[in-house]
Amino acid sequence: MATIVGSITTSHVPAIGGAIAKKRQQEPYWKPFFDGFSAAREWLAKVKPDVAVVIYNDHGLNFFLDKMPTFAVGAALEYRNADEGWGIPALPPHRGDLDLSWHLIESLVAEEFDITTCQEMLIDHAFALPMELLWPGPAPCPVRTVPVCINTVQFPLPTAARCFKLGLAIGRAIESWDSDARVVMVGTGGLSHQLDGQRAGFINREFDQLFMEKLIGDPLWVTRYSIPDLVELTGTQGVELLMWLTARGALPGDVNKVHSNYHVPISNTATGLMVLESI
Amino acid sequence: MPSSKQKREIPGTTLFDGEQARKGYALNKMCFSFNSAENRAEFVRDEDAYCAKYGLNAEQRAAIANRNVLQLLAAGGNVYYLAKFAGIFGLDMQDIGAQQSGMSKEAFKAKLNETGR
């Protein structure tokens, strides 16, 4: 049976793509953010995952309002990044893992998650940037991937409790997958930020740091908040912390914190990074 | 249970819910088309014709003409699609944030940097 080695959760601001393209990683503005990733890469080199299940939210590259799935799972051989309209160079494509995709799809539907399956799926910066941070080019990314996309564009969004349960179900699916693969969960989004409205630029350090701390040993803590509560506390895009919660939900048993980093601001965003290891 | 008649009020914030999604569909569809460089060029060549092709209403057309993010949001725009519109003019999220909060970009960035200290 497959093994879940742990999770890496991180922010996914588009401007990071510009900084990578212009090699600004060591400039004072960017250094505290990029330096946080060395420890995550060292951990990956140690645990050597074969596959990453990537929980992220699309920002209008693959999905439009004509059809907006709450939960979508990729089932493609390859996932390509593409022009998102704001001038960030497209990142390399990622290999899929069809066996895990279909096993996940079958398991999730059997557990009453009525997901959308996608045999073609563009991945936006929310998927491609964290992968580039964790496995920087030019060498091809060594892990196969399965994208799981959660709607945070159009309200109503799935509740925090529902996302945690999705994570639990993903964890059970991976653990029942007849494979000797080592699987890492990746969750991307947040932390607090708001792009739209007069409150644009809103950040909530205290909440972010409490959320990160609680995610380790008491992940259900955040499920006490409704989606509008989370928007009020973390901003209209801070609600992307749902991706962190889903990835955490997939980890069986207790976890150890291997590494974390928190830095404000990158563009309009409070950025977080956390590596959790299954014990 | 939540009802559309008892919406949660969050200052300076509009949730992109069904009401906004209904109101803004044409505007968002046009902005979604700006994922394509060819479409961005077509908009720049003839803005009126491009807006007419997507069936923008008068409020949406005026908000596009004014390059005004708060007006675009009020007309049903969603920030992710609007960001693609802003991209045509080389504007980033900090330009957009500054405009909405009524600050210069420098003041907006300074406020964010202050939060980080």
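Mentor: Helices (H or I, at least four residues) and strands (E, at least two) are DSSP runs, numbered from the N terminus. This is a predicted model, so local features need pLDDT of at least 70, side-chain atom pairs count only at pLDDT 80 or more, and totals for chains, interfaces and linings use all residues. Residues are numbered from 1 along each chain as its sequence is written, while chains are lettered from A and ligands numbered from 1 in the order in which they are written.

Trainee: Okay, what order do the strands of the open sheet in chain A have?

Mentor: The order is 6-3-7-2-8-1-10-9, eight strands with mixed pairing. Strand 6 (116–118) and strand 9 of chain A are the edge strands, each pairing on one side only.

Trainee: How many bridges join strand 9 to strand 10 of chain A?

Mentor: Nine, between strand 9 (residues 255–266) and strand 10, and the two run antiparallel. A:Ser260 stands opposite A:Met274 there. The hairpin they form has two residues between the strands, and in it A:Ser267 takes a positive phi near 55°.

Trainee: And which way does strand 1 pair with strand 10 of chain A, parallel or antiparallel?

Mentor: Antiparallel, with five bridges between strand 1 (residues 3–10) and strand 10 of chain A. A:Gly6 is the residue opposite A:Glu277. For contrast, strand 2 (residues 51–56) and strand 8 (residues 182–188) of chain A pair in the parallel sense, over five bridges. In that pair A:Ala52 faces A:Val184.

Trainee: How many residues of strand 10 of chain A are buried?

Mentor: Eight of the 10 residues in strand 10 (residues 269–278) of chain A are buried. Buried means that 20 or more other C-beta atoms lie within 10 Å of a residue's own; exposed means 12 or fewer, partly exposed is in between, and C-beta atoms are placed from the backbone.

Trainee: What does helix 3 of chain A lie across?

Mentor: Helix 3 (residues 37–47) lies across strand 1, strand 8, strand 9 and strand 10 of chain A, at about 25° to strand 10. Helix 9 (residues 241–249) of chain A also packs on the sheet, and its direction makes about 160° with that of strand 8 of chain A. Among the strands helix 9 touches are strand 1 and strand 2 of chain A.

Trainee: Now the core. Which residues have the most contacts inside the largest one?

Mentor: They are A:Val53, A:Val73, A:Ile170, A:Ile174 and B:Leu82, in a core of 118 residues. Such a core is a set of buried Ala, Val, Leu, Ile, Met, Phe, Trp, Tyr and Cys residues joined through C-beta atoms within 7 Å. Helix 6 (residues 160–175) of chain A gives the largest share, eight residues.

Trainee: What does A:Val53 touch?

Mentor: Leaving out residues up to four places away in sequence, A:Val53 touches A:Val146, A:Val148, A:Ile170, A:Ile174, A:Val183 and A:Met185. A contact here means C-beta atoms, placed from the backbone, within 7 Å.

Trainee: Switching to chain B, what is its secondary structure?

Mentor: Nine helices and zero strands. Its C-alpha atoms fill a box of roughly 45 × 40 × 20 Å along the principal axes. Of the 117 residues of chain B, 37% count as buried.

Trainee: Why does B:Phe85 count as buried?

Mentor: Because it has 26 other C-beta atoms within 10 Å. B:Phe85 lies in helix 7 of chain B. Beyond its neighbours within four places in sequence, B:Phe85 is in contact with B:Cys31 and B:Phe34. B:Phe85 and B:Cys31 are 54 residues apart in sequence, yet 5.6 Å apart in space, C-alpha to C-alpha.

Trainee: Last one: how many residues of chain A are in contact with chain B?

Mentor: 30 residues of chain A, in contact with 38 residues of chain B. Helix 8 of chain A gives the largest share of the chain A side, three residues.

Terms used:
Two strands pair if DSSP finds at least two bridges between them. Two residues are in contact if their C-beta atoms, placed from the backbone, lie within 7 Å. Axes are lines fitted to C-alpha atoms, for helices over the stretch in contact, and angles run from 0 to 180 degrees between N-to-C directions.
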